[in-house]
Amino acid sequence: MARIIGALASSHIPSLGTALSAGRQQEPCCKPFFDGCLPVLRWLEEEQPDVAVVLYNDHGLNFFLDNLPTFAVGAATEYGCLDEGWGKPALPPFNGYPELSWHLIDSLVEQEFDIAMCQQLAVDHAFINPLRLFWPGENPPAIRTVPVAINTVQFPLPRPARCYALGKAIGKAVADWPTDEKVVVIGSGGLSHQLDGERAGLINKAFDEMCMEALLHDPAKLARLSSRDLLREAGAQGAELIMWLAARGALHGTVSKIHSSYHIPIANTSAGLLALANR
Ligand code: DHB
Ligand code: FE
């Protein structure tokens with residue numbers, strides 16, 4: 001049976017993707033963030049996972065307000081990059097894994113998550129940046145991917161408890177997948193940030209630190225938050241934290257911390273990284 005070896009949760013700040021492309025990782029603004037990834041890169045080098053299930057939020061590019069699923073699973077052979085307004089990224093498409101995608105879809109529907117199924121899906125920085133961060137120098141990363149998109153664009157958002165439960169259902173689906181593959185779950189988004197409106201620039205370090213601690217020891221505490229709690233404490237886009245909670249939900253063994261880092265400010269967002277092993 002396939003095995004989830006851990007979860008990697010990371011912010012997906014677009015300017016960090018740009019910094020990566022330009023080789024500016026050592027500049028003062030970016031260095032603490034990229035240095036914070038090094039222990040994770042070493043862990044990945046040792047573990048060599050076969051598949052990444054990527055929990056991310058589309059930013060109104062593949063899905064828009066006219067057609068916005070709460071949960072969507074990609075089932076394509078590859079996932080191309082979207083033009084986010086500054087030109088189509090010069091990146092090849094990411095590798096899919098349709099067989100596992102369909103297994104996940106079957107299992108999730110069986111577990112009463114009536115997700116949207118996408119045989120065509122293009123991805124934005126939320127999917128792209130963590131993969132480029134964790135598999136630098138691979139273009140595209142060799143790892144096969146299954147994208148799982150969670151709505152954070154249009155209210156009502158799925159409740160944190162529901163996202164945590166989705167993660168648990170993904171964990172069960174992977175455990176039932178009859179191969180000996182190693183699977184890593186990625187949660188992309190957060191931490192606290194608000195990009196527009198009266199509270200633009202909001203960062204809540206105390207809340208971020210509480211979340212990182214709770215994700216390790218007491219994720220159910222975060223699952224008790226409401227969407228409004230998240231909005232109030234973490235800002236409008238800080239609601240992306242539900243991706244971290246969903247990724248944590250997929251870990252069903254003994255969970256331990258591999259590494260974490262936290263750095264502000266880059267752009268308008270606190271940049272966090274949390275890597276958890278699942279044994
Ligand atoms: C930023 C952060 C995001 O999560 C995002 O989707 C877009 C921009 C930022 O910090 O600039
Ligand atoms: Fe975002």
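## A tour from surface loop to iron site

Select Leu65 first, in the loop between strand 2 (51-56) and strand 3 (71-74). Helices (H or I, at least four residues) and strands (E, at least two) are DSSP runs, numbered from the N terminus. This is a predicted model: local features need pLDDT of at least 70, side-chain atom pairs pLDDT 80 or more, while totals for chains, interfaces and linings use all residues. Numbering starts from 1 along each chain as written, chains are lettered from A and ligands numbered from 1 in written order, and side-chain values use heavy atoms, without hydrogens or water.

Leu65 counts as partly exposed because its relative accessibility is 45% (buried is under 20%, exposed over 50%, partly exposed in between; 1.4 Å probe, protein chains only).

**Next, the iron.** Select ligand 2, the iron ion. His12 (NE2), His59 (NE2) and Glu240 (OE) are its protein donors, at 2.0 to 2.2 Å. Donors are N, O and S atoms within 2.8 Å of the metal (3.2 Å for Na, K and Ca); water is not among the atoms, so sites may look incomplete. Along the chain, the donor spacing reads H-x46-H-x180-E. His12 sits in the loop between strand 1 (3-10) and helix 1 (14-21), and Glu240 in the loop between helix 9 (227-234) and helix 10 (241-249), 228 residues apart. Both His12 and Glu240 are buried.

**Last, Ile170.** Show its contacts (heavy atoms within 4.5 Å). Leaving out residues up to four places away in sequence, Ile170 touches Val53, Leu55, Leu104, Leu108 and Val148.
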